[in-house]
Amino acid sequence: MSWAKYKRLSSSKDLSIFRRGTTASDGGGGAANDPDAQAYIDALDAAGYTVSGAEETAINNHFLDLKGTGPNNSTYDWWTGCVRLLPFIGTNAAQQGIEGQNPASAINFYGGMTFSSIGAEGNGTNAYFDFFAPNEIPDNYNNSLWVYETKNLNDNNQILYLGELEGNVGYGIRFWFPDKLEGRHGYANYAFRTPDNTLVPPTTGGFYGTTRHQTCEEGGFFDLYLRGAKYTANLSSCGNFTNTADQVPGLARRVYSFGSYAYSQFSPCAIGYALITTGVSTTTEEAALRACVEAFMTALNREV
Amino acid sequence: MNLTELKASEYDKFVGLLTPIQKDQLVGRQYAPNSYFNPVLDGNEPPNWIISVEEIANCVNPHYEWVKALPIIPWVAPAPPEPIDTDATN
């Protein structure tokens, strides 16, 4: 989309003109989409992206799945506590940045990101995106962060950073390759790592995530999931990590040093999906969420 | 070398060279909707301010069309920091 067209579209106040004719009420004659799914589709249309019929079905099914009323999930509600839903659909930043849980808002990208059918891809040089701010998370001790990596890693030196804010207050997970796997909530005191680096690091894409449970006083712990395999670590100290509005980046580290934050180390990885919501507490629930996201990725031809 | 001589498959091997003044002009500015320039220092000694070829190639902001004429140089990655090995480090 050209700059001039973006300016013109972004100044539009009435997005209803872009509404697709999919419902009986607007003349389309089809079944009505979930209203939140429709709002996301409308926002994509308004940003200049024509949603295909297959994509529309995939989006609608996934929104219903997140609410526990979809074809792949009728048990769990991941929508009510959803802080960030990023399907990364579209061909440019303005489209892929649209937030599914609030389509009136969009994240920003920095540096040389590439936007394609597999999602948002870093360049390993200077590209990252604003993922979320910790103070957006309503419950510091019951939350989950999930992503779907849409590109297999072809180099063991590649590092995937997913939500990393270090050195002061923070939240996030990261995976080190090739000699270590490490997930973390908060900063280093909350680091999860494999005992003696024994875990073979994943080199293929797929569904990764982490969940934090309970306060330290309650015996808190967090889980790390790698394509269904679960690893658990206890919290080693207490702290409030939701009191900052500083953005936590995706595909980069943001490190506090000498009185300010700086971005360092950038991932050449591709993210096709991201979700932050309330805590997923069991392997059964994780399997259900993974099935929903994998079905969504398959429908978008993003499966790895 | 300039941008037109590069293939897309070579983008990750080259970057656009900035002067410190040009760097200051780009910080906080959009090269496309929702996309911001992100000048960083490379691994040369002394380091250069650079932006990626993707930012140059995808710039549609008419105020910054001049980036398409930037000199293209090979990308030299800065040395990565040591992995964090202890809970105390951070």
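This is a predicted model: local features need pLDDT of at least 70, side-chain atom pairs count only at pLDDT 80 or more; totals for chains, interfaces and linings use all residues.
Eight salt bridges are found over all chains of the structure. In one of them, the side chain of Lys67(A) meets that of Asp36(A), at 2.5 Å from N to O. The two residues sit in distant parts of the chain, 31 residues apart: Lys67(A) belongs to the loop between helix H3 (53-66) and strand E1 (84-86) of chain A, and Asp36(A) to helix H2 (residues 35-46) of chain A. Asp36(A) is partly exposed, at a relative accessible area of 28%. Asp34(A) joins Asp36(A) and Lys67(A) in a network of salt bridges.

Glu136(A) and Arg84(A) form another salt bridge through their side chains, with an N to O distance of 2.8 Å. This pair also links distant parts of the chain, 52 residues apart: Glu136(A) lies in the loop between strand E7 (128-132) and strand E8 (142-149) of chain A, while Arg84(A) lies in strand E1 of chain A.

## A salt bridge in chain B

In chain B, the side chains of Asp12(B) and Lys13(B) meet in a salt bridge, with 3.8 Å from N to O. The cut-off for such a pair is 4 Å between a side-chain nitrogen of Lys or Arg and a carboxyl oxygen of Asp or Glu. Asp12(B) is partly exposed at a relative accessible area of 43%, and Lys13(B) is partly exposed at 49%.

Helix H5 of chain A covers residues 283-299, which makes 17 residues. From its first C-alpha to its last it reaches 24 Å, close to the 24 Å expected at 1.5 Å a residue. Its buried residues are Glu285(A), Glu286(A), Ala288(A), Leu289(A), Arg290(A), Cys292(A), Val293(A), Phe296(A) and Met297(A). After H5(A) comes Asn301(A), which has a positive phi, near 60 degrees.

In soluble globular proteins, nonpolar side chains tend to be buried together. The largest nonpolar core here has 32 residues, and Ile59(A), Tyr273(A) and Leu289(A) have the most contacts inside it. Elements of chain A that give two or more residues to this core are H2, H3, E8, strand E20 (270-278) and H5. Which of them gives the most? H5(A) does, with six residues.

Leu289(A), in H5(A), touches Leu66(A), Trp78(A), Trp146(A), Phe207(A), Leu275(A) and Val280(A), when residues up to four places away in sequence are not counted. Another core lies apart from the largest one and has 25 residues, including Val83(A), Phe129(A), Leu226(A) and Cys269(A).

## An open sheet in chain B

Strands of a sheet pair through backbone hydrogen bonds, either parallel or antiparallel. In chain B, four strands make an open sheet in the order E4-E5-E1-E6, with antiparallel pairing. Its edge strands, which pair on one side only, are strand E4 (40-41) and strand E6 (72-74) of chain B.

Strand E1 of chain B (residues 14-18) pairs with strand E5 of chain B (residues 49-52) over four bridges in the antiparallel sense. Two of the residue pairings can be named: Gly16(B) has Ile51(B) in E5(B) as its bridge partner, and Val15(B) has Ser52(B) in E5(B). E1(B) also pairs with E6(B), antiparallel and over three bridges; here Phe14(B) stands opposite Pro74(B) in E6(B).

## Cysteines

A disulfide is a covalent bond between the sulfur atoms of two cysteines. The structure holds zero disulfides over all chains. The cut-off for a disulfide is 2.5 Å between the sulfur atoms.

Cys82(A) is buried, at a relative accessible area of 14%. In chain B, Cys59(B) is buried as well, with a relative accessible area of 3%. Cys292(A) is among the buried residues of H5(A).

Key
Residues are numbered from 1 along each chain as its sequence is written. Chains are lettered from A and ligands numbered from 1 in the order in which they are written. Side-chain values use heavy atoms; hydrogens and water are left out. The expected span of a helix is 1.5 Å times one less than its number of residues. Buried means under 20% relative accessible area, exposed over 50%, partly exposed in between (1.4 Å probe, protein chains only). A nonpolar core is a set of buried Ala, Val, Leu, Ile, Met, Phe, Trp, Tyr and Cys residues joined through side-chain atoms within 4.5 Å. Contact means heavy atoms within 4.5 Å. Two strands pair if DSSP finds at least two bridges between them.
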